[in-house]
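Here's a walk through one structure, from a helix to the cores and then the pockets. Keep the 3D view open as you read.

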Amino acid sequence: MRAQINHARRHATFNVSELRRQGYRQIGRGAFSRAFVHPDAPDVVIKVGKRYSQRIGLVDGFPHFAQRILDHEIASKFYPKIYGLQWSADKQHFWCIMKRYTKTSKTKASLDINATMNKITGDYSCSGKPNHRYRRALEQLIDYRFVHDIHKGNVLKDDDDTPIIIDPICIRPRFQQEFYA
């Protein structure tokens, strides 16, 4: 695994075409970022993204989330393993090296996460009893400055079928300076 992480660190760049030229292939795309994997490092992902999405009018909360994990400010078995995070000089783009997880279907685990999120935010119309560990993991992300972004595409799973919340928040634009000054 260490060799795979070092491989990703050597090749990490903000330039998507450069990643492709080096043999990386895109395995995912969201509103802010793209995920790439290399055959020599199949268990590691390089996530390349931008700070702000004009299309949706929000600031990406993933780099803030990843940095808090790296700094050991938040922790949960339901959070991804982050190996490194780097910003461009103008702080408008980032890349992150993280463990690779697999897609999950609408399983009981992701339904429990949705039920937990609804209960935490006060929407009790969703049935389902939340797991207290999920609740503790998500409560670390409750903040009036965040827009929660937990949905099927942002909940993956590890090798033990544990749901991993890979990208749980966006930041309201008026608060971006508090996180990305």
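Start with helix α3, where F62, P63, H64, F65, A66, R68 and I69 are buried, buried meaning under 20% relative accessible area with a 1.4 Å probe and protein chains only. That makes seven of the nine residues in α3 (residues 62–70). Helices here are DSSP runs (H or I, at least four residues) and strands are E runs of at least two, numbered from the N terminus. Just past α3, H72 has a positive phi of about 60°.

A quick note on the source: this is a predicted model, where local features need pLDDT of at least 70 and side-chain atom pairs count only at pLDDT 80 or more, while totals for chains, interfaces and linings use all residues. Residues are numbered from 1 along each chain as its sequence is written, and side-chain values use heavy atoms, with hydrogens and water left out.

Now for the cores. A nonpolar core is a set of buried Ala, Val, Leu, Ile, Met, Phe, Trp, Tyr and Cys residues joined through side-chain atoms within 4.5 Å. The largest one has 33 residues, and F62, F65, Y79, I82, C96, M98 and I171 have the most contacts inside it. Elements giving two or more residues to this core include α3, β6 (82–87), β7 and α5 (132–139). The largest share, four residues, comes from α3.

Click on Y79 next: leaving aside neighbours within four places in sequence, its contacts (heavy atoms within 4.5 Å) include F65, I69, Y101, L138 and I165. Apart from this core lies another of 14 residues, with V16, L19, F36 and I46 among them.

What about open space? A pocket is an open set of points on a 1 Å grid over the protein atoms alone, where a 1.4 Å probe fits, with protein on both sides within 12 Å along at least five of seven lines; lining residues have an atom within 4 Å of a point. A volume is the space filled by probe spheres set on the points, which are joined across faces, edges and corners.

| Largest | About 650 Å³ | 29 residues | G28, R29, G153, N154 and I166 |

In the second largest pocket, β2 and β3 each give two or more residues to the lining, and the largest share, three residues, comes from β3.

How values were computed:
Buried means under 20% relative accessible area, exposed over 50%, partly exposed in between (1.4 Å probe, protein chains only).
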